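Let us read this model feature by feature.

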Amino acid sequence: MDIALVDPKLSRCWSWVLATRPKTLTAAVVPVLVGSGIARSGGGEMQWPHVFAALIAAILIQVGTNLVNDACDFERGADTEKRIGPMRVTQAGIFGSRTVHRAGVMCFVLSLLFCLP
């Protein structure tokens, strides 16, 4: 979706949503759900707080990876105007590469909090 089509008040928030690359989040969710299902089917006791924490941590890791990739690709010159595919917020000039990179690292740090016992 083109950022110009979004309400100006929501455009900054929507830009961050787009930066997370929501279509890739299944790469984080599916392994946690499959692993939990296998553990449950093997007679294991389901620990829902642990499943929830693992799910949140996996999503944060995926989002962090997407953000850092966006920033690093831009800095290396891999994302240019000639790039084909979904919009990248750094290449589009919506956010600076430093801001996007910091947001990615913050996602990694937050994911650690969900991994603590």
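Q: Is I94 buried, partly exposed or exposed?
A: Start with the scale: buried means under 20% relative accessible area, exposed means over 50%, and partly exposed lies in between (1.4 Å probe, protein chains only). I94 has 28% relative accessibility, so it counts as partly exposed. This is a predicted model, where local features need pLDDT of at least 70, side-chain atom pairs count only at pLDDT 80 or more, and totals for chains, interfaces and linings use all residues. Residues are numbered from 1 along each chain as its sequence is written, and side-chain values use heavy atoms, with hydrogens and water left out.

Q: Where does I94 sit, and how far is R12 from I94 in space?
A: Elements come first: helices (H or I, at least four residues) and strands (E, at least two) are DSSP runs, numbered from the N terminus. I94 belongs to the loop between α3 and α4. R12 is 82 residues from I94 in sequence, yet their C-alpha atoms are 8.3 Å apart.

Q: How many helices and strands does the chain have?
A: There are four helices and zero strands. The order along the sequence is α-α-α-α. The radius of gyration is 17 Å, well over the 13 Å that the globule rule gives for 117 residues, so the chain is more spread out than a compact globule. That radius is taken over C-alpha atoms, and the rule is 2.2 Å times the number of residues to the power 0.38. Along its principal axes, the C-alpha trace spans about 55 × 25 × 25 Å.

Q: What share of the residues counts as buried?
A: Of the 117 residues, 30% do. The accessible surface comes to about 7,700 Å², with 67% of it on carbon and sulfur atoms. Areas come from the Shrake-Rupley method with a 1.4 Å probe; for residues, only the protein chains shown count as cover.

Q: Which residues form the largest nonpolar core?
A: In soluble globular proteins, nonpolar side chains tend to be buried together. A nonpolar core here is a set of buried Ala, Val, Leu, Ile, Met, Phe, Trp, Tyr and Cys residues joined through side-chain atoms within 4.5 Å. The largest one has ten residues: A19, L25, L60, V63, L67, A71, V89, F95, V100 and C107. The most come from α3, with four residues.

Q: What does L60 touch?
A: Contact means heavy atoms within 4.5 Å. Leaving out residues up to four places away in sequence, L60 touches C107, L110, S111 and F114. V109 lies in helix α4 and is partly exposed, at 42% relative accessibility.

Q: Is S97 buried or exposed, and what does S97 touch?
A: S97, in helix α4, is buried, with a relative accessible area of 16%. Its contacts, not counting residues up to four places away in sequence, are A71, F74, E75 and T90.

Q: What is the phi of R21?
A: Phi is near 55°, a positive value in a residue other than glycine. R21 lies in the loop between α1 (8–19) and α2 (26–41). R21 is buried, at 14% relative accessible area.
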